[in-house]
Amino acid sequence: PERADEIRSVCDADGTALLDAAQNWCSTDRAADDAIDTRTLTRDGRPLTAHLNDPGIFDVIDANTVGRIAPTMPVYLSHGIADDVVPIEQSRTLLERWRKLGADVTYREYDFPALPMTGANHAPGALAAYADILPWIADLVHESDP
C-alpha cells in the first residue's frame, strides 16, 4: 500500500481503471486472461514489462516473490502439467527454491490431456490433488501423535 501511488503513476486512466478492476479478479477470470496490449495502459506508451525494473515496482515485486523464505512446516505442492493459466514452471521454480533452502516439500505433477478451451486446464490438477493431499495430511497428523 505504501508504494501504490508510485506504481499507479505508471498507468494512464485506462490502466488505473484496470488496476482497480483487477482487485476483484481471480486468475481464472476471463477478464484476467484476455490478451491486453499494456502499452495502451501506461503514460509513456511502453508496455508494463518495461517498467518491471523501475525502482518502486521492482522493490515490491522482489519483496513479494514467493520462495525466498523456506516454509517451516511440510508443504504439499502440486501442479497440472497442462495448466494454461499458471505455467507449471512457476511451481517447478518454487520447488527448487524451497528445496535449496531446506524445506520439506512433497511435489507432484498431474498429467492430463489438455482441453481445447483456454482456462479449462487450470482446475484439473488442483482437483486431482485432493485424492493425494488428504492422505498426506492424515500421515502428518499421525506422525505428530505421541
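Visitor: Before anything else, what is pLDDT?
Guide: pLDDT is the predictor's confidence in each residue, on a scale from 0 to 100. You need it here, as this is a predicted model.

Visitor: OK. Which elements have the lowest and the highest mean pLDDT?
Guide: Helix α3, residues 30-33, has the lowest mean, at 55. Strand β2 has the highest, at 98.

Visitor: And what does the chain average?
Guide: The chain averages a pLDDT of 89. Of its residues, 93% score at least 70.

Visitor: Let's go to β2, then. Which strand does β2 pair with, and is the sense parallel or antiparallel?
Guide: β2, residues 105-110, pairs with β1, residues 75-80. The sense is parallel, and the pairing runs over six bridges.

Visitor: What stands opposite Y76? And L77?
Guide: Y76 stands opposite T106 in β2. L77 stands opposite Y107, also in β2.

Visitor: How many residues of β1 are buried?
Guide: Five of the six, so β1 is mostly covered, where buried means under 20% relative accessible area.

Visitor: Tell me about α5 itself. What is its reach, end to end?
Guide: α5 has 13 residues and reaches 19 Å from its first C-alpha to its last. That is close to the 18 Å expected at 1.5 Å a residue.

Visitor: Which of the residues in α5 are buried?
Guide: I88, S91, L94, L95 and W98 are buried in α5. Seen down the helix axis, the buried residues fall within an arc of 120 degrees, so they line one face of α5.

Visitor: What covers them?
Guide: The cover over the buried residues of α5 includes β1 and β2. Those are the strands that make the β-α-β unit with α5.

Visitor: What about E89, where is that?
Guide: E89 is in helix α5 too. E89 counts as partly exposed, because its relative accessibility is 45%, between the 20% and 50% cut-offs.

Visitor: How far is E89 from H79?
Guide: Their C-alpha atoms are separated by 9.4 Å. Along the chain, E89 and H79 are 10 residues apart.

Visitor: What comes after α5?
Guide: G102 follows α5. The phi of G102 is positive, near 90 degrees.

Visitor: Switching to loops. Where does D83 lie, and is D83 buried or exposed?
Guide: D83 lies in the loop between β1 and α5. D83 is buried, because its relative accessible area of 10% is under the 20% cut-off.

Visitor: What is D83 in contact with, leaving aside neighbours within four places in sequence?
Guide: With those neighbours left aside, D83 is in contact with N121 and H122.

Visitor: How far is D83 from P135?
Guide: D83 and P135 are 24 Å apart in space, C-alpha to C-alpha. In sequence they are 52 residues apart.

Visitor: Now M117. Where is M117, and is it buried or exposed?
Guide: M117 is in the loop between β2 and α6. M117 is exposed, because its relative accessible area is 58%, over the 50% cut-off.

Visitor: Last one. Where is V141?
Guide: V141 is in helix α6, residues 123-144. V141 is partly exposed, with a relative accessible area of 44%. The C-alpha atoms of V141 and D44 are 54 Å apart, and the two residues are 97 residues apart along the chain.

Technical notes. Residues numbered from 1 in each chain as written. Predicted model: local features only at pLDDT ≥ 70, side-chain atom pairs only at ≥ 80, totals over all residues. Heavy atoms only, no water. Helix = DSSP H or I, 4+ residues; strand = E, 2+ residues; numbered from the N terminus. Buried < 20%, exposed > 50% of the residue type's maximum accessible area, 1.4 Å probe, protein only. Pairing = 2+ DSSP bridges. Right-handed = clockwise from strand over helix to strand, strands pointing away. Expected span 1.5 Å × (residues − 1). Arc of directions from axis to C-beta. Contact = heavy atoms within 4.5 Å.
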